Amino acid sequence: SGVPSWASASGGAWTFIEGFTASTSALIAFTGFTSTYDCYKVFVTNATPSADTDQFYAQWRQSGSYLTSGYRYAAAKIVSTTTTVPAIVSSSASFMRLTNDGTGDKAGEIFNYEITIWDPLGTDNAKGINWDGYVVNQDDTCSMTLGAADHHNNEDAMDGIKFYMESGTIVTGTFAMYGLNKS
């Protein structure tokens, strides 16, 4: 009759998979990867470390064991006190480093991240992540951290990923993982 009509929207939604609240935790690990999703997001909110200037790290888990070599990463920060954009890089590390500068452990010094995990169960691609974060570091300086990392020359499926601090624990913070529905 010439009158337009619309179908209900479907697919493409983010689905909550699992979440954790840090409480002096050595690590936060996600193992909820399924074939339902190719893309995942991890949100880290109001996290604090036990040690001042600690770095925030991640490692992939493959066949139940965490990989301790073969990582590449690049991270930069935009900081409120300078126009210089410093970066850190590695082409051969035992972890993926998500911070360019240390985190702070005093009141109000927190870190927040949005981390994208790309197709961890795929067997024809590198296992990579990228992120952006809001960090109030050990100097009480506001900064944005962004970067990317992967496990070099490894196209095998990963069954988990863990996040942890360089030397101390994660005292507080919430960690939530979502999957993007394929259809």
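Here, buried means under 20% relative accessible area, exposed means over 50%, and partly exposed is in between (1.4 Å probe, protein chains only). A salt bridge is a side-chain nitrogen of Lys or Arg within 4 Å of a carboxyl oxygen of Asp or Glu. Lys and Arg count as positive, Asp and Glu as negative, while His and the chain ends are not counted.

This is a predicted model, with local features needing pLDDT of at least 70 and side-chain atom pairs pLDDT 80 or more, while totals for chains, interfaces and linings use all residues. Residues are numbered from 1 along each chain as its sequence is written, and side-chain values use heavy atoms, with hydrogens and water left out.

Let's start with Asp54, which is buried but has no salt bridge. The nearest side chain of opposite charge belongs to Arg97, 9.7 Å away. Asp54 sits in the loop between strand S3 (37-49) and strand S4 (56-62); strands are DSSP E runs of at least two residues, numbered from the N terminus. Its side chain does make a polar contact with the side chain of Ser167, at 3.0 Å. (A polar contact is a pair of N or O atoms within 3.5 Å; within protein, one must be able to donate a hydrogen and the other to accept it, and residues adjacent in sequence count only if both atoms are side-chain atoms.) Leaving out residues up to four places away in sequence, Asp54 also touches Pro49, Gly102 and Thr103, among others; contact means heavy atoms within 4.5 Å.

Elsewhere, six salt bridges turn up across the whole structure. Three of them look like this:

| Pair | N to O distance |
|---|---|
| Lys41 and Glu114 | 2.7 Å |
| Asp159 and Arg61 | 2.9 Å |
| Lys106 and Asp105 | 3.7 Å |

Lys41 lies in strand S3 and Glu114 in strand S9 (residues 111-118), so this pair ties together parts 73 residues apart in sequence. Lys41 is buried at 15% relative accessibility, whereas Glu114 is partly exposed at 27%. Asp159, in the loop between strand S11 (142-151) and S12, is 98 residues from Arg61 in strand S4. Lys106 and Asp105 also belong to a salt-bridge network with Asp52.

**The core**

The largest nonpolar core has 38 residues, and Phe56 and Trp60 are among those with the most contacts inside it. (Such a core is a set of buried Ala, Val, Leu, Ile, Met, Phe, Trp, Tyr and Cys residues joined through side-chain atoms within 4.5 Å.) S3 gives the most to this core, with five residues.

Key: Helices (H or I, at least four residues) and strands (E, at least two) are DSSP runs, numbered from the N terminus.
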